[in-house]
Amino acid sequence: MIGETLFIVTYALIPIIGAAIVYASLKKEYKKCVDKSTVDTNEIGE
Amino acid sequence: MHLTIYAVSVLLSMILYAVVGVYVGRKYKGLENFFVVGRNAPTFFIVGSLIASYMSTSAYMGEIGFSYRGYMVIYMAMIVVANLGYVFGANYFGRYIRRTEVLTLPEYFGTRFGSKRLRILAGIVTVIGLSCYLIAVTQGCALLVQKITGVSYAAGIFIILLSYALFIIYTGSAGTLFVETIMFIVFAVMSIIVVPSIINAAGGFPDAIIQAAMSDYKPDMYSWHGPHSGASPAYTNNVQSFNFIVKYGIVWLAVLAVSPWQTSRYLMAKDEHRVIRSGMLAPIAACAVLIFLNVAIVTVNNVNPDISPVEYAFLGFSIDYLPTWIGIVVCCGIMAAGISSCCTFVTLVACSVTNDILPLCLKNFKTKVSNTRVTMAIFAIVTAIATYYQPPAVMWICYFAATWLAVSWLYVGFASVWSRKLTENGAFWAMLTGMVVFAVLSTISYFGWMTYNDWFIPEVAAIVCSIIAAWIGTAAHKDKSEQEIRYFQLMHEAPKELYEDKTAWKKTMRYPFIGAAGCTLIAVILVFYYYLPVREAFSQMGIL
């Protein structure tokens, strides 16, 4: 049953790994966008 | 010809799709609307269209026949690897392509590297790959028409040609997107509601699964590797079974990430948030639609283990053994899956020919809606004729087409977005080398001139050669044009929509969790639906 067990585990694990990688990169990008947005707002204020 | 209730139902559904397609399509005028629906599509439509163009008669006739033969686990394991293509493709390729506002993928490659020859080559890869795929999908649809009406195979092809060509030529991508979404709903609902009926007809749950797992006629149907003996096994050892997961996992990952018929959907998205969200939802939809049905189809062997050709396993069983209304739903669902892919392929090929190949090869040729429509009509007729002369092999022709695109585009696609070093020369030779190496290795294998070792995977070899060619090509011509440098920078500039709307960002950030949770839920259901019954069967057989 090792192969069959791995099949089930993989079914959950692969999407979780994929989602985690994407989430990490989105979080980084979100931070960059928020910083850029803050800079733009300050420039308009000045 | 006999007009059965199944034939009438399918005919009515086709008329409905045509009416909706024409109604929606008449609202959209102009080239950009015809090609990319004004770049205004919401998440649900993108997901629907992604799945509808991915799943075709290959999924419901070819691959389901493969599961029926007992290779369900390797097929579904391949699918879960491939689904990463949605996740990575949307986030690391699709959204960047969308920023460039091109109409087709070959146009993207050509403009990104400032290269006419690369654009033409990408156009040719698209046309050849999608033509093969269209032939396979049309074969599946024609077999279905033949089964439910009793007409000849040739007449079936003609009916299919009429059913999609008439409205898609008029509506272009707008009609495709809307009709595909409806078709997605139809076959997704079908894939779920038919499962209990199949299991009940095959002996009830969990007895049907236990009985199939203990079959002597096709042993190991629920084992991870599938049958290696018994009635005509496709693979004879574990390495071959594992190779299927690896090679087609990579191939379909590439297809879902960078192929024209998947990523072109992102060009239609309203904004980048919709692209990212679609990439996270599509794997759940793909898994949910496929997994339960494919586990169930193995139990059909309890009732009839000798359905031939295996492409009829699902369709034939539904008509012959299930209630009439289920049979109707199955016929309409399979036809919806097939026609939706036909619509996508015909539209994409015509757009590539009129936007990327002819304007660069013929003087005075202008890309217009009228030219694209004529190209669609010619292409649809030519592929219908080719379908007639090509012996039916729905699954394997689709896999050839998918591999053809994957080996040519996988590296160049991602590197075009993420590599500062890759030059036009490197990209061109990478695409050409991947394509040629795969064609040569496949030809050698097809004609039996050489038998490859179980550990040698031609598809992976072609991708590796493509990467090496990119390095050598780039090293040979390191200079980059102004356009290449500017275009690369342009792609990496976040559009205003990304940093102006924090609420949309926060909503998008939830989608990776939704994606992971959805797939985990499916895995948990699989424990009860597949794992425990199979464990019980193995226990009764004394294997555990």
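The following questions and answers concern a predicted model of two protein chains, A and B.

Student: How many residues of chain A are in contact with chain B, and how many residues of chain B are involved?

Tutor: Contact here requires heavy atoms within 4.5 Å. By that criterion, the two sides of the interface are 27 residues of chain A and 42 residues of chain B.

Student: What area do chain A and chain B bury between them, and what share of it is on carbon and sulfur atoms?

Tutor: The side of chain A that touches chain B has 16 nonpolar, 6 polar and 5 charged residues. The area that chain A and chain B bury between them is about 3,100 Å². Of this area, the share on carbon and sulfur atoms is 80%.

Student: Which residue of chain B forms a salt bridge with A:Glu29?

Tutor: Between chain A and chain B there are 2 salt bridges, and 5 residue pairs are in polar contact. In the salt bridge of A:Glu29, the closest N and O atoms are 2.5 Å apart. The partner in chain B is B:Arg95.

Student: Why is helix H6 of chain B described as largely enclosed by the rest of the structure?

Tutor: A residue is called buried when its relative accessible area is under 20%. The buried residues of H6(B) are B:Leu105, B:Pro106, B:Glu107, B:Tyr108, B:Phe109, B:Gly110 and B:Arg112. H6(B) is therefore largely enclosed, the buried count being 7 of its 8 residues.

Student: Which residue caps the N-terminal end of H6(B)?

Tutor: The cap is made by a side-chain oxygen that lies 3.2 Å from the backbone nitrogen of B:Glu107. Just after the helix, B:Gly114 takes a positive phi of about 55°. The residue that caps the N-terminal end is B:Thr104.

Student: B:Arg112 is buried yet has no salt bridge; how far away is the nearest side chain of opposite charge?

Tutor: B:Arg112 is found in helix H6, which spans residues 105-112 of chain B. A salt bridge requires a side-chain nitrogen of Lys or Arg within 4 Å of a carboxyl oxygen of Asp or Glu. For B:Arg112, the nearest side chain of opposite charge belongs to B:Glu484, at a distance of 4.5 Å.

Student: Which backbone oxygen does the side chain of B:Arg112 reach?

Tutor: Setting aside residues up to four places away in sequence, B:Arg112 touches several residues, including B:Ala415, B:Ser419, B:Leu422, B:Tyr487, B:Phe488 and B:Met491. At 2.6 Å, its side chain reaches the backbone oxygen of B:Ser416.

Student: Where is B:Asp271 found, and is it buried or exposed?

Tutor: B:Asp271 is found in the loop between helix H11 (260-267) and helix H12 (272-297) of chain B. Its side chain makes a polar contact with the side chain of B:Arg274 at 2.7 Å. Not counting residues up to four places away in sequence, B:Asp271 touches B:Arg98 and B:Glu497. With a relative accessible area of 12%, B:Asp271 is buried.

Student: How far apart in space are B:Asn40 and B:Asp271?

Tutor: B:Asn40 is found in the loop between helix H2 (31-36) and helix H3 (43-54) of chain B, and it is partly exposed, with a relative accessible area of 48%. Leaving aside neighbours within four places in sequence, B:Asn40 is in contact with B:Met268, B:Ala269 and B:Lys270. B:Asn40 and B:Asp271 are 231 residues apart in sequence. In space, C-alpha to C-alpha, their separation is 7.6 Å.

Student: What is the phi of B:Glu101, and what is that of B:Asp220?

Tutor: Most residues other than glycine have a negative phi. B:Glu101, in the loop between helix H5 (84-100) and H6, is exposed, with a relative accessible area of 56%. B:Asp220, in the loop between H9 and helix H10 (238-258), is partly exposed at 28%. Both have a positive phi: near 55° for B:Glu101 and about 70° for B:Asp220.

Note on methods: Residues are numbered from 1 along each chain as its sequence is written. Chains are lettered from A and ligands numbered from 1 in the order in which they are written. Side-chain values use heavy atoms; hydrogens and water are left out. Helices (H or I, at least four residues) and strands (E, at least two) are DSSP runs, numbered from the N terminus. Buried means under 20% relative accessible area, exposed over 50%, partly exposed in between (1.4 Å probe, protein chains only). Lys and Arg count as positive and Asp and Glu as negative; His and the chain ends are not counted. A polar contact is a pair of N or O atoms within 3.5 Å; within protein, one must be able to donate a hydrogen and the other to accept it, and residues adjacent in sequence count only if both atoms are side-chain atoms. Buried area is the accessible area (1.4 Å probe) that two parts lose on being put together, summed over both. Ala, Val, Leu, Ile, Met, Phe, Trp, Tyr, Cys and Pro count as nonpolar, Asp, Glu, Lys and Arg as charged, and the others, Gly among them, as polar.
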